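Here's a quick tour of a protein model for you to follow on screen.

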Amino acid sequence: MTENIRLAFQGIWGHKLRSVLTMLGIIIGIAAIITIVSTIQGTNEQIKENLIGAGNNVVTVQLNKGGYPYDLSWNTVPDNVRVITQETRQELEQLSGVEKVSLYNSRNNAQQVFYRNTEFNGEIYGVDENYLSVYGYQVKSGRGFVPSDYENCRKVALVDTNAVTTLFGGQDPVGESIEISGDVFTVVGVTALSEEFAPTISTLNDYYLYADTSAGSIYLPIQTWPTAFKFDEPQSVAIKVDSTDSMTTAGKAAADLLTQKQIVNADSTDFDYRSQDMLEQAQQLQSMSKSTNTQLVWIASISLLVGGIGVMNIMLVSVTERTAEIGLKKAIGAKKKRILLQFLTESAVLTSMGGIIGVISGVILAQLISSMMQIPVSISPPAIVIAVVFSTLIGVIFGMLPAVQAANLNPIEALRRD
């Protein structure tokens, strides 16, 4: 085998220009595939990062009716859905992959919140003591909620930085009073994410998908929620899991548990709990992106087919040129297998070199596209290995016919032909 490889390099080096032109189809095909695969993976990782954010690993589980979120901003409190108890919360915390659980209530576009004469159209939440840590919030100014706020049902509130701008005109809100459903609450602090994450927005669709256009959020201790909204309401659940990959499994397990325990006659009602998993949304977008780009991979593969045909053509020419050499080797005792392996090795070495050059070209091209067009790329080592192996297989497959033709030459006729 070593001798065959040496002879293969000798033959390639002896016809440098012809060898380069022969490899060109393989180089272009492999380079195109590596570039496309790198772009696909980079885009998928960007989608995942944009949707999930800076590694929060949080799944929300909400009450649904008929497959759609049941928004209590516009609907009445259902009679057949129980308020989540501490016992159920502890069961949620024991699910596989779950690190911490938070219960909360919410209103979208509250329109029941005023600061002086300014109406607030953002979101309002009633949160428990775990909410801020589950989502990774920290207090920027003032103070956070303390145990006595929950125990004594104090009418206090936290606001986020968006609400500071939209409701308070950018002024320090700590100590100010806001009216919520006719009750007065005192703002005690301003909160924001510990790790601010800005998604990559390169198109108008990205803007609509990722941009934060909310008016902000206000947070109340969950015990004061019935004071502001006059009802004990079924809560939503935020679950922090140990890894991004656990989000889907943990979210579905929590949703099944809540549907079973919190909904009366769950089998005969439209109500159920469902997880809203950012990872699952990311995977759906990735699937859409992948299906489109897979077509590009198949198109790029056509050049590999063309390159393989070119290799077969050149090897047939090589067999014709080296008829006398083949005849002489067979005349002195070389077996068919030896001749077959020699030409197959030469063909495989030729396409392997094309594959390696194609991989290098594809990586360079992917990096150039990334820097010029601001498109994320992710180089895949498995894809590189597969590309080189595949290019070698092309050499073996398309080199088989010339190799068999060389092995079957009659030594007497081969020597006479020269």
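Let's start with what sits over the buried residues of helix H6: the cover includes E4, E5, E8, strand E9 (177-180), E10 and strand E11 (217-221). Keep in mind that you're looking at a predicted model.

- H6 runs over residues 161-168, and Ala 163, Val 164, Leu 167 and Phe 168 are its buried residues.
- Those four span an arc of only 105 degrees around the axis, so they end up on the same side of H6.
- Here's a handy rule for reading helices: an α-helix has 3.6 residues a turn, so residues three or four places apart point the same way.
- Glu 119 belongs to strand E5, and E5 is among the strands covering the buried residues of H6.
- Is Glu 119 buried, exposed or partly exposed? Its relative accessible area is 38%, so Glu 119 is partly exposed.
- Glu 119 and Thr 166 are 47 residues apart along the chain, and their C-alpha atoms are separated by 9.3 Å.

**Asp 183 in strand E10**

- E10 covers residues 183-193, and Asp 183 is part of it.
- Asp 183 has a relative accessible area of 15%, so it counts as buried.
- Which residues does Asp 183 touch, leaving aside those up to four places away in sequence? They are Lys 155, Ile 178, Thr 227, Ala 228 and Lys 230.

- In H3, the buried residues are Thr 88, Arg 89 and Leu 92.
- Looking down the axis of H3, you'd see these buried residues within an arc of 105 degrees, so they line one face of the helix.
- Their cover includes strand E3 (98-107), strand E12 (236-241) and H9.
- Now for the pairing: H3 (residues 86-93) and H9 (residues 247-262) have axes that come within 10 Å and cross at roughly 155 degrees.
- H3 and H9 are therefore roughly antiparallel to each other, and their crossing is right-handed.
- On the H3 side, Thr 88, Glu 91 and Leu 92 make the contact, while H9 brings Ala 254, Leu 257, Leu 258, Lys 261 and Gln 262.
- Sorted by class, the contact of H3 with H9 has four nonpolar, two polar and two charged residues.

**Helices H12 and H13**

- How do H12 (residues 336-373) and H13 (residues 381-407) pack? They meet at an angle of about 150 degrees, with their axes 7 Å apart.
- That angle makes H12 roughly antiparallel to H13.
- The crossing of H12 and H13 is right-handed.
- The residues in the contact of H12 with H13 split into 18 nonpolar, eight polar and one charged.

**Two loop residues with positive phi**

- Arg 116 isn't a glycine, yet its phi is positive, near 55 degrees.
- You'll find Arg 116 in the loop between strand E4 (113-115) and strand E5 (118-120).
- Arg 116 has 65% relative accessibility, so it counts as exposed.
- Cys 153 also has a positive phi, near 50 degrees, in a residue other than glycine.
- Look for Cys 153 in the loop between helix H5 (147-151) and strand E8 (156-160).
- Because its relative accessible area is 36%, Cys 153 is partly exposed.

**Trp 298 on helix H10**

- H10 takes in residues 278-321, and Trp 298 lies in this helix.
- Buried or exposed: which is Trp 298? At 63% relative accessibility, Trp 298 counts as exposed.
- Trp 298 and Ile 33 are 265 residues apart in sequence, but 8.6 Å apart in space, C-alpha to C-alpha.

**Zooming out**

- Overall, the protein has 14 helices and 13 strands.
- What share of the 418 residues counts as buried? The figure is 44%.
- Take the contacts between residues at least 6 apart in sequence: 80% of them join residues at least 24 apart.

Technical notes:
Residues numbered from 1 in each chain as written. Predicted model: local features only at pLDDT ≥ 70, side-chain atom pairs only at ≥ 80, totals over all residues. Heavy atoms only, no water. Axes fitted to C-alpha atoms, helices over the stretch in contact; angles between N-to-C directions. Parallel < 35°, antiparallel > 145°, perpendicular 65-115°, else oblique. Left-handed = near helix turned anticlockwise from the far one by under 90°. Contact = heavy atoms within 4.5 Å. Nonpolar A, V, L, I, M, F, W, Y, C, P; charged D, E, K, R; others polar. Buried < 20%, exposed > 50% of the residue type's maximum accessible area, 1.4 Å probe, protein only. Arc of directions from axis to C-beta.
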